[in-house]
Amino acid sequence: MENLNLVLPEIFISFSIMFLLVLGVFKKNSSKITFNLSLFAILITAIITINETFSVSRETLFNESVVIDTMSSLMKIVTLTGGFLVLVISSNYLKIFKIYNIEYPVLILSSILGMMVMISSNDLIVFYMGLELQSLALYVLATYNRDQLKSSEAGLKYFVLSALSSGLLLYGCSLVYGFSGSTNFDIISNQLNSEEYVLTFGIVFILVGLAFKISAVPFHMWAPDVYEGSPTTVTLFFTIVPKVAALTVFIRFLYVPFLNLIDQWQMIIVFLSIASMVFGAVAAIGQTNIKRLIAYSSIGHIGYTLAGLATASNEGIQSSIIYISIYVVMNLALFSCLLMLRRKDQYYEDIDDLSGLSKNHPLLSLCLLLILFSLAGIPPLAGFFAKFYVFKAVLEQSMYFLAIVGLLSTVVAAFYYLRIIKIMYFDKEKDKYDTDHSLWLKFSLTVSTILILLYFIFPSQLVEVVSRINII
Amino acid sequence: MNFPILSSLILLPTIGALFLFFIKEKEGNNTTIKYVALFTTVVNFLISIYLWIAFDQSTSSFQFIEDRTWIKGFINYKVGVDGISILFIILTTFITPLCIISVNNSVKNRLRDFLIAILIMESFMIGVFSALDLVVFYLFFEAGLIPMFLIIGIWGGARRVYSAFKFFLYTLLGSVLMLVAIISIYWITGTTDVVQLYEIGIDVKYQNLLWLAFFSSFAVKTPMWPVHTWLPDAHVEAPTAGSVLLAAILLKMAGYGFIRFSLGLFPVASEVFTPLIYTLSVIAIIFTSLIALMQEDMKKLIAYSSVAHMGFVTLGIFTLQQQGIEGSIIQMISHGLVSAALFLTVGVVYDRMHSRLISTYGGLVSVIPKYSILFMLFALASLGLPGTSGFIGEFLILMGAFKDNFLVAVIASIGVILGAAYMLWLYKRVVFGKLLNEDLKKILDLNRSEYFILSCLAAPILFFGFYPDPLINTIEVSVTDLINMHNTNIASK
């Protein structure tokens, strides 16, 4: 008998989804209660995850197709926290656009479920199932504001391109299966050797599919449009939660089934990383819409996390995970600020709308200032440490070129962050924005800003937690 | 001695800034804000004076060391001072209160935010001079960019945005390579602790590249020719207090970095690259002095003179002679005082006339005599007249240079003459001559706070000019040991 306790979080969250759906059908005007119940469900799931799986160093279930280890538990917690905060700060936004329906929390929950399955997968089929579950939920979420043309366009674009990449991914999986005779990651890892170079196609297809999901250059084209068109809260969800899950799967693929083929994939990852860092930095300069700018900046940040993965060392993996965790906090803070730019039930998304913000809203602009400097990687803010760990791991492997290109692109990236700061602090002020924000929004902004600002006082804690992850 | 005196020096201004953050700013009534800021910085100055008194001058080992685990198994938060760094700390704590007094006239809006930025800046600067771990040093070194960017950008002059961006991106570009070098040092030696690194030494085969990476950062910050172009822009556009901080202290971070890290960690590479430094320094001295002659903007002229003076400093450091290095340190301290004073004197007339152009002025001596006397003193100190602190520094540097390389010393000496030329010519055009501009007739002489600030700066300039012993005694043992260490390292390699 399998120890089902280990997958209790997934079981619980699936039952909650079904329950909420049923509730929505039978009870009228149940949006509010659904929202609260789904928050509650996420909370319980997180508690179960911590209780049941956090102490497990590595166990497999269901014929070794599901793996529970430190990395999966940690990343599930990050995913759940991200999902919780997204849900909690979206309600006001949704109400204003009159899309405060039960489907929203249910869709978010199902995509979280998909991601949790992905994170724990140790088998090609389980992985693909999780991936599709989360993607389908995300397609709908992108079009969630269906009365707006841009939102529908975003959803359609995302659907078409993502389906294509899923196709590539599936093709890659079938090639790998053909060569190894198994869908299980551990068996694949033992069966594969680098002699058969048709296998490289399989790896490349899988990596392309995954690179698409985390929007690494050159598979990033969908990101700016989708980010711009989707409702802001959904964009926030896009920029953090699926990335965490996809990154975990990326790590799992590279370091379990493909570990012996390191010569084949290392160059690919280095290329993806450099291309994302440089392109993300350069392309963001010309943007005028904040959401588009965030899209490019997130492309750049993914480049840095990939730099950690390219090192093929535990240090590197840990640094990537630290990077993505800090990135989640920073993005959450950034979007909290963005959601505060509201005047008479209208949200503002252009960089020019920030003009002179510091005179009317000194505290908000101070938070934004810290967040932007942190995103630019200026010490002593958290973003600097994220980059610092990554480059420490990169330099351990003597990959000087990657490190120098990465750091130089931070200088380019600093330019567009500075431009926002310039507009906020040096330009003429505009009308005031409303200040009656929901308590949760203020809470998430305050907490994340404080985390960013004061991370340098206790930097070891995060490192210690993450250092328990040993994949190789 | 367990009291963490250095950490309290670093933290106190930040705590003061935090206090300011919670005080509401009222229109027209900013006295509380200013007094809180002033109080904090004066207390900090007194602590640093106590530090100097308690400092043991007979040893070159680091004192007041604090060593705390910061990132487990990787970086320790380690601070400490030796004879070289203590002077820079005192310079910082001395200049900052003067900056705060000077904001009276120059900063009109958002005074509270301005003072917060200055106080945080002070924390970072003291941190730079006391850090004994490369990562901690880098952290403070880079963090200073944030407040300075805001000081230039928010309170600066007409082209403030351009200047702020230029300042930020130039320095950031220089520093990222240093970060690569610091992490590489960690992987080569297994530590980033400066004291341990002094003992272990770094393998010769890495030294050249690492030296260049550090150089890229320090050269931009110093600034050395040809990467000095950010400085005139930043200086000209920054508000007076910002220019003072920039000239008096920020530029010294790089000079300090050269002594502490480039010389201390990479002795062999330092020898290898001495010709490069000599060339760039000499070009800086001659070329920027010539540029300074042609300036029509007073602040720009002083900015270029800073580049020239920092050229002397780098020249002195890399003579690798006792006199040269001591001269460089004293020159840095002296330049810290003199350039601060010069920017403040320009600030005084700028506040009254709102023009920095030399042609606006002329004949000031007949309307504001007190101002003219002090201005003369600072101008003479800047060109290195005997009896002022500027002379001691330049003289020692040239002495060191003559020992090492005759040609370089001769060319550098020409720079001294050029320095006298542009400074005296500036003084002549501004202070002497006929009073042609009608508006100048109504100009007021120094008010009490300005008089106070400028005399505070004049006193040490004259004192150390006649009696430099306190400075030399403090640095002597540290510099001797640095050179001994350097020579043994060279001999053993």
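Student: Which residues have the most contacts inside the largest nonpolar core?

Tutor: This is a predicted model, where local features need pLDDT of at least 70, side-chain atom pairs count only at pLDDT 80 or more, and totals for chains, interfaces and linings use all residues. Residues are numbered from 1 along each chain as its sequence is written, and chains are lettered from A in the order in which they are written. A nonpolar core joins buried Ala, Val, Leu, Ile, Met, Phe, Trp, Tyr and Cys residues through C-beta atoms within 7 Å. The largest has 364 residues, and those with the most contacts inside it are Ile371(A) and Leu245(B).

Student: Is Asn30(B) buried, exposed or partly exposed?

Tutor: Asn30(B) sits in the loop between helix 1 (5-22) and helix 2 (31-54) of chain B. Buried takes 20 or more other C-beta atoms within 10 Å, exposed 12 or fewer, and partly exposed lies in between. Asn30(B) has 18, so it is partly exposed.

Student: How is helix 1 of chain A oriented to helix 4 of chain A?

Tutor: Helix 1 (residues 8-26) and helix 4 (residues 103-120) of chain A pack at about 160 degrees, with axes 10 Å apart. Angles over 145 degrees count as roughly antiparallel. Therefore helix 1 of chain A is, relative to helix 4 of chain A, roughly antiparallel.

Student: Which helix of chain B gives the most to the side that touches chain A?

Tutor: Contact means C-beta atoms, placed from the backbone, within 7 Å. By that test, 24 residues of chain B are in contact with 24 residues of chain A. With 13 residues, the one that gives the most is helix 7 of chain B.

Conventions: Two residues are in contact if their C-beta atoms, placed from the backbone, lie within 7 Å. Helices (H or I, at least four residues) and strands (E, at least two) are DSSP runs, numbered from the N terminus. Axes are lines fitted to C-alpha atoms, for helices over the stretch in contact, and angles run from 0 to 180 degrees between N-to-C directions. Angles under 35 degrees count as roughly parallel, over 145 as roughly antiparallel, 65 to 115 as roughly perpendicular and the rest as oblique.
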